[in-house]
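Work through the following exercises with the sequence and the coordinates open beside you. Each task is followed by a solution that goes step by step.

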Amino acid sequence: MSGQPAFNLMKWRGRPVEAVLFDLDGTLLDTAADIAEALNRALAERGWPPIAADEVRRMIGRGSPMLMERAAAFLGRDLDEAGKARLLERFFHHYGFLEESGEFKAEPYAGAVECLRTLHGAGMRIAVVTNKHERFATGLLEALGMRDWVDVVVGGDTAPRRKPDPAPLLFACERLGADPAHALMVGDSINDVQAARGAGIPVICVPYGYNEGEDPRLLPCDAFVETLADLPDLLKSGKPP
């Protein structure tokens, strides 16, 4: 057995797992405060009132263009395509500034660092698959000292389509050199579940994420882990919790 790759020692319901794909926002990192701050700075430039961070948290999901639409709808404001593009550009500007200046408040959820470090140390191939732009996702992982444990980052602008389409997950598997039949998705929202189902990949969810304001515990996933720190032992046992 000593000659086998380490990932062969990890299984999900009897099937070897060679790659784990993680969502970012709401799964590995709590980024809601920064998203709300960048959004409100962009809204202020249009003379629109701010939106409370708790409300913004419920809007997160399906990518930044959808966030602009949801913010305008929440405020009862009209937003045509040109206006959405301008608002989105300013949102990206402010979000990038928060990240580059070190003013961001994003932090890993409990167990996230331990999970990545343990899986990486065991030889597991790891990807982050997010609807956030790749440069922002990579920058955060680097700033928080987590990038070395991630082999591939697939952002919302990396693959042709975003989650809930399965394309980003399949793209990540291709980049990792992993068979989707031996991959596992870990997320916090219906977008992650639908993308995983479309890709034919089992999906485990965490109960603390955003999920567009809906209770993550109601997600139709294969299993839940209370904290990501529990995931390595779960895969070593090969049994659902």
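**Exercise 1.** Does Ser64 count as buried or exposed?

*Solution.* Before any value is read, note that this is a predicted model, in which local features need pLDDT of at least 70 and side-chain atom pairs count only at pLDDT 80 or more, while totals for chains, interfaces and linings use all residues. Residues are numbered from 1 along each chain as its sequence is written, and side-chain values use heavy atoms, with hydrogens and water left out. The classes of accessibility are buried (under 20% relative accessible area), exposed (over 50%) and partly exposed in between, with a 1.4 Å probe and protein chains only. Ser64 has 14% relative accessibility and therefore counts as buried. Finally, list its contacts (heavy atoms within 4.5 Å): leaving out residues up to four places away in sequence, Ser64 touches Leu88, Phe91 and Phe92.

**Exercise 2.** Find the salt bridges, and locate the partners of the pairs Glu18–Arg125, Arg58–Glu55 and Glu69–Lys84.

*Solution.* A salt bridge requires a side-chain nitrogen of Lys or Arg within 4 Å of a carboxyl oxygen of Asp or Glu, and a search of the whole structure finds 17 of them. One is formed by Glu18 and Arg125, with an N to O distance of 3.9 Å; this pair links distant parts of the chain, 107 residues apart, with Glu18 in the loop between β2 (15–16) and β3 (19–22) and Arg125 in strand β6 (residues 125–129). Glu18 is buried at 12%, whereas Arg125 is partly exposed at 22%. In the pair Arg58 and Glu55, the closest N and O atoms are 3.0 Å apart, and both residues lie in helix α2 (residues 53–59), three residues apart, about one turn of the helix. Glu69 and Lys84 meet at 2.6 Å, N to O, linking helix α3 to helix α4 (residues 81–101) across 15 residues.

Methods
Helix = DSSP H or I, 4+ residues; strand = E, 2+ residues; numbered from the N terminus.
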